[in-house]
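Please read the points with the structure in view.

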Amino acid sequence: MMEENAQMSLLPDAVGATQMTMTGEEEIDLSEYEIVRPEFFAHIKEPALTVNVDKIGVNTACVRLMPDVEYVQILVNRKEKKLLLKPCDEIEITGYRWGRTKDGKRYPSQRTGELFVLTLCEIMDWNPDYRYKVLGKMVKANGKTLIAFDLTSSECFPKVVNRDGKKVSSRQS
């Protein structure tokens, strides 16, 4: 999880050179420029996992990445702080239906699991009253395609009280 007061990070070594020549223009000193991290942009087409108070769910991008998968198992590596979604058969007692198909389109499903969310929050030292979003990526394990989430790179959305007195999520990286 990123620091509360984190700003765009300076990565001077990543720029490679302190000056560049623009075609027909003057040279620019890059030493004062900051590289904008990807989490500052929308990720609707990338797989994402959301953990929210007592629910866990994936976004549409997840279920569309594996269109033939109806059920998945959730695997957690406490040591590496990673979570995997592994396709499984409907008869697997540890699997859950992670999406549905309606009019030929795939839609994700959320699952209520307060005990699981509390356990995950304890492992990650997260506030269980906040919402967390984690981007995922496709990986292979034993010849099977899975979706992996690095829980250490979560985005936090604390609850704040709006003008109407309702608790709503607010973005905090």
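1. Basis. The model is predicted, so local features need pLDDT of at least 70 and side-chain atom pairs count only at pLDDT 80 or more, while totals for chains, interfaces and linings use all residues. Residues are numbered from 1 along each chain as its sequence is written, and side-chain values use heavy atoms, with hydrogens and water left out.

2. Helices (H or I, at least four residues) and strands (E, at least two) are DSSP runs, numbered from the N terminus.

3. Helix H3. Its buried residues (under 20% relative accessible area, with exposed meaning over 50%, 1.4 Å probe, protein chains only) are Val117, Leu120, Cys121, Ile123 and Met124. They line one face of the helix, because their directions seen down the axis of H3 fall within an arc of 160°, taken from the helix axis to the C-beta atoms. On the other side, Glu114, Leu115 and Glu122 are exposed. The cover over the buried residues includes E3, E4, strand E5 (71-77) and E6. Asp125, which follows H3, has a positive phi near 60°.

4. Aromatic residues. How many aromatic pairs does a search of the whole structure find? The search finds one: Trp126 and Tyr132, stacked at 4.3 Å centre to centre with 10° between the planes. Rings of Phe, Tyr and Trp (its six-membered ring) pair if their centres lie within 6.5 Å, and planes under 30 degrees apart count as stacked. Both Trp126 and Tyr132 are buried.

5. Asn59. This residue lies in the loop between strand E4 (55-58) and helix H2 (60-65). Asn59 counts as buried because its relative accessibility is 18%. A polar atom of its side chain lies 2.8 Å from the backbone oxygen of Glu46, and the side chain of Asn59 also reaches the backbone nitrogen of Ala48 at 3.0 Å.

Terms used: A polar contact is a pair of N or O atoms within 3.5 Å; within protein, one must be able to donate a hydrogen and the other to accept it, and residues adjacent in sequence count only if both atoms are side-chain atoms. Contact means heavy atoms within 4.5 Å. Rings of Phe, Tyr and Trp (its six-membered ring) pair if their centres lie within 6.5 Å; planes under 30 degrees apart count as stacked, over 60 as edge-to-face and the rest as tilted.
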